[in-house]
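The stops below go from the whole chain to single residues.

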Amino acid sequence: MSMKDVAEEKLWRRHYRPSRCYLRVRLVFEGSQAPAALLNSAAFTAAITDALRGLFGVCGAGKCMWNTVAFDSVKCDGIVLARPVDLPQLRFAITLISQCCGQRCRADVLAVSPSLGALACTRWEDLQESS
């Protein structure tokens, strides 16, 4: 086997493993309006933290590394950064959010991507407008 064959074989075996994942999460409130006065990035982060602690306890929630990157209080959209290893636990906790700012709500994970730029497009909104 020549050096060229070895180099091609190594290239063939490489896998792309992202070091981070981004989630676009939307809070949908029960009733007519979201609590605009109370809803901010801190309340969004607290809702996710409470969901993680309720599922995995304080120690289990501490093992899940994540961070809120941005939150839009008008659309109730947030972008969350997480490690790929923690993605299943975080996504599970997010889907079980039932309350934020004292009002009943649900959380929809709209998109998951390894790059922040991929979340810039508005595929979900385009689909909603066309139907």
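Buried means under 20% relative accessible area, exposed means over 50%, and partly exposed is in between, with a 1.4 Å probe and protein chains only. On that scale, 31% of the 131 residues of the protein count as buried. This is a predicted model, in which local features need pLDDT of at least 70 and side-chain atom pairs count only at pLDDT 80 or more, while totals for chains, interfaces and linings use all residues. Residues are numbered from 1 along each chain as its sequence is written, and side-chain values use heavy atoms, with hydrogens and water left out.

**Whole chain**

Switch to cartoon view. Helices (H or I, at least four residues) and strands (E, at least two) are DSSP runs, numbered from the N terminus. The protein has four helices and five strands, and along the sequence they follow the pattern α-β-α-β-β-α-β-β-α. A contact means heavy atoms within 4.5 Å. Among contacts with a separation of 6 or more, 70% come from residues 24 or more positions apart.

**The sheet**

Select the strands. Two strands count as paired if DSSP finds at least two bridges between them. The five strands make an open sheet in the order 2-3-1-5-4, with antiparallel pairing. Its edge strands are strand 2 (66-72) and strand 4, each of which pairs on one side only.

Now pick strand 1 (residues 21-29) and strand 5 (residues 103-113). They run antiparallel and are joined by eight bridges. Which residue of strand 5 stands opposite Arg-26? Asp-108 does.

Move on to strand 4 (residues 99-100), which pairs with strand 5 in the antiparallel sense over two bridges. Here Cys-100 stands opposite Gln-103 of strand 5. The two strands form a hairpin with two residues between them.

Select helix 2 (residues 41-63). It packs on the sheet, touching strand 1, strand 2, strand 3 (77-82) and strand 4. The direction of helix 2 makes about 140° with that of strand 2; axes are lines fitted to C-alpha atoms, for helices over the stretch in contact, and angles run from 0 to 180 degrees between N-to-C directions.

Next, select helix 3 (residues 87-95), which lies across strand 1, strand 2, strand 3 and strand 5 and runs at about 150° to strand 5. The buried residues of helix 3 are Leu-87, Leu-90, Ala-93 and Ile-94. These residues cover an arc of only 135° around the axis, so they lie on the same side of helix 3; the arc is that of the directions from the helix axis to the C-beta atoms. Their cover includes strand 1, helix 2, strand 2, strand 3 and strand 5.

Go back to helix 2 and select Thr-49, which is found there. Thr-49 counts as partly exposed because its relative accessibility is 22%. The C-alpha atoms of Thr-49 and Ala-93 are separated by 8.7 Å, although the two are 44 residues apart along the chain.

**The core**

Show side chains. A nonpolar core is a set of buried Ala, Val, Leu, Ile, Met, Phe, Trp, Tyr and Cys residues joined through side-chain atoms within 4.5 Å. How many residues does the largest one have? It has 27, and those with the most contacts inside it are Leu-23, Leu-27, Leu-39, Ile-48, Leu-90, Ile-94 and Cys-100. Strand 1, helix 2, strand 3, helix 3 and strand 5 each supply at least two residues of this core. Helix 2 gives the largest share, seven residues. In soluble globular proteins, nonpolar side chains tend to be buried together.

**The cysteines**

Finish with the cysteines. A disulfide is a pair of cysteine sulfur atoms within 2.5 Å, and by this rule the count is zero. Cys-100 is in no disulfide; its nearest cysteine sulfur, that of Cys-101, is 3.9 Å away. Cys-100 counts as buried because its relative accessibility is 2%. Cys-21 is also buried, at 7%.

Cys-101 sits in the loop between strand 4 and strand 5. At 24% relative accessibility, Cys-101 counts as partly exposed. Its phi is near 55°, a positive value in a residue other than glycine. Most residues other than glycine have a negative phi.

The last stop is Cys-76, in the loop between strand 2 and strand 3. Cys-76 has a positive phi too, near 60°. Is Cys-76 buried or exposed? At 5% relative accessibility, Cys-76 counts as buried.
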